[in-house]
Amino acid sequence: MAIKINIDVGHGSNTAGKRTPPFPKKVKVNDKLTIKKGEQFREHIAGVGVAFLLENELKRCGLETLKTGWNDANGFDDPDTPLNERQGAIAKAKCDYSVSIHFNSYGDGKTFNSAEGVGIYIHDKYQGESKKLADLVLKHLAMGTKQKNRGITPRALAMCNCNKMKVKGAILVELAFMTNLREATELMASEKFWKESAVEIARGLCEYTGIKYVAEQTIPTKAITPKSSKEDIRWLQERLNKVIPSWLPKLKIDGDYGPKTRIAVLVYWDSLGWGSHMRDDGLKVGNSTRKALAEGRTN
Ligand SMILES: [Zn+2]
């Protein structure tokens, strides 16, 4: 049976506090999101940014996932799920491990200050195998963007309680300080850092569970057909899963260009308004489709 990892995102979209102080100038997070001068950026939004990318990483590596505290790529509409509900859902889903994504803060939250760095919490009492898992995830996090390494701290946090969640290990990652202007601007409010963090957490989990880490493929240069390499087909399936409408079941990332992948291609063309493609058989993914998939276009 595949190993199941819960990905938890702390708090909710509108939880009081849990946001940066007002930014002194505008910050571009990605193509879709810019924080205006004077605006505060919420911890949960950045957390979902990381979690969404982490889920892709883990699925690609063959791990099963559960989500608590969020449900999709949109971090703006999540209620703040009570901690005992989160714990119950994780236990019920029989997860093996849980990772909770947070950004740290220090001070009154009204002004930026110098506290900084990356660190991980594990439970002080009910920690199971969490220490070793935390060691490996922190090792990979420390290999990316240079940050102060705050180490591993034992604390009685709900999302670290292996007993309550019935998991073998549970860690709570504080990726950077939202009350540190540099870390808030360059890390928390940067999609590039979200991606880097997701890759590093995935690498740590893979190393810990003994699963081979599979890196994201670059865009295939040739048309993708049922005869293409498994890598190219997996790339297609992974990308299709991000853009197909929610009523269509997600594809298994198995590198096999079967009927479900073919139908997903046809549905995708339709959603792009490429009507003439509906007379096509959906068995050849050309240059413009690969480009649209790489950009994650949905219409
Ligand atoms: Zn938090």
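# A chat about helices, a sheet and a few residues

Me: How do the axes of helix α7 and helix α8 cross, and within what distance do they come?
Reply: In this predicted model, the axes of helix α7 (residues 230–243) and helix α8 (residues 259–271) come within 10 Å and cross at roughly 45°.

Me: OK, other helices now. What about α1 and α6, how do their axes cross?
Reply: Helix α1 (residues 43–60) and helix α6 (residues 191–209) have axes that come within 8 Å and cross at roughly 45°, which means that α1 is oblique to α6. The crossing of α1 and α6 is right-handed.

Me: Which residues make that contact?
Reply: From α1 the contact takes A46, G49, V50, L53, L54, E57 and L58, while α6 supplies E191, W194, K195, S197, A198, V199, I201, A202 and L205. The residues of the contact of α1 with α6 divide into 11 nonpolar, 2 polar and 3 charged.

Me: Let me pick V199 out of that list. Where is it found, and why does it count as partly exposed?
Reply: V199 is found in helix α6, and it is partly exposed because 19 other C-beta atoms lie within 10 Å, where a buried residue would need 20 or more. The C-alpha atoms of V199 and E57 are separated by 6.6 Å, although these two residues are 142 residues apart along the chain.

Me: Switching to the sheet: how many strands does it have, and in what order?
Reply: It is an open sheet of 6 strands in the order β4-β1-β5-β8-β6-β7, with mixed pairing. At the edges stand β4 (64–68) and β7 (149–154), each with a single partner strand, so one side of each is left without a neighbour in the sheet. From one strand to the next, the twist averages 20°.

Me: How is β8 joined to β5 and to β6?
Reply: Strand β5 (residues 97–104) and β8 run parallel and are joined by 7 bridges, with N104 standing opposite F177 in β8. Strand β6 (residues 118–122) and β8 run antiparallel and are joined by 3 bridges, and here Y121 stands opposite L172 in β8.

Me: How many of the residues in β8 are buried?
Reply: Strand β8 (residues 169–177) is mostly covered, with 9 of its 9 residues buried.

Me: Which strands does helix α3 lie across?
Reply: Helix α3 (residues 130–143) lies across β5, β6, β7 and β8, and runs at about 30° to β8.

Me: Back to β8 for a moment. Why does E174 count as buried?
Reply: E174, whose place is in strand β8, counts as buried because it has 20 C-beta neighbours inside 10 Å, and 20 or more is what the term requires.

Me: What is E174 in contact with, leaving aside its neighbours within four places in sequence?
Reply: With those neighbours set aside, E174 is in contact with H102, F103, N104, V118 and G119. As for P79, it and E174 are 95 residues apart in sequence and 21 Å apart in space, taken from C-alpha to C-alpha.

Me: Next, backbone angles. What is phi for H11, and where does H11 lie?
Reply: H11 has a positive phi of about 65° although it is not a glycine, and it lies in the loop between β1 (4–9) and β2 (27–28). H11 is buried, because 21 other C-beta atoms lie within 10 Å.

Me: And what about K94, what is its phi, and is it buried or exposed?
Reply: Phi of K94 is near 55°, again a positive value in a residue other than glycine, and K94 lies in the loop between α2 (83–92) and β5. K94 counts as exposed because it has 12 C-beta neighbours inside 10 Å, and the term applies at 12 or fewer.

Methods. Residues are numbered from 1 along each chain as its sequence is written. This is a predicted model: local features need pLDDT of at least 70, side-chain atom pairs count only at pLDDT 80 or more; totals for chains, interfaces and linings use all residues. Helices (H or I, at least four residues) and strands (E, at least two) are DSSP runs, numbered from the N terminus. Two strands pair if DSSP finds at least two bridges between them. Axes are lines fitted to C-alpha atoms, for helices over the stretch in contact, and angles run from 0 to 180 degrees between N-to-C directions. Angles under 35 degrees count as roughly parallel, over 145 as roughly antiparallel, 65 to 115 as roughly perpendicular and the rest as oblique. A crossing is left-handed if the near helix is turned anticlockwise from the far one by less than a right angle, and right-handed if clockwise. Two residues are in contact if their C-beta atoms, placed from the backbone, lie within 7 Å. Ala, Val, Leu, Ile, Met, Phe, Trp, Tyr, Cys and Pro count as nonpolar, Asp, Glu, Lys and Arg as charged, and the others, Gly among them, as polar.
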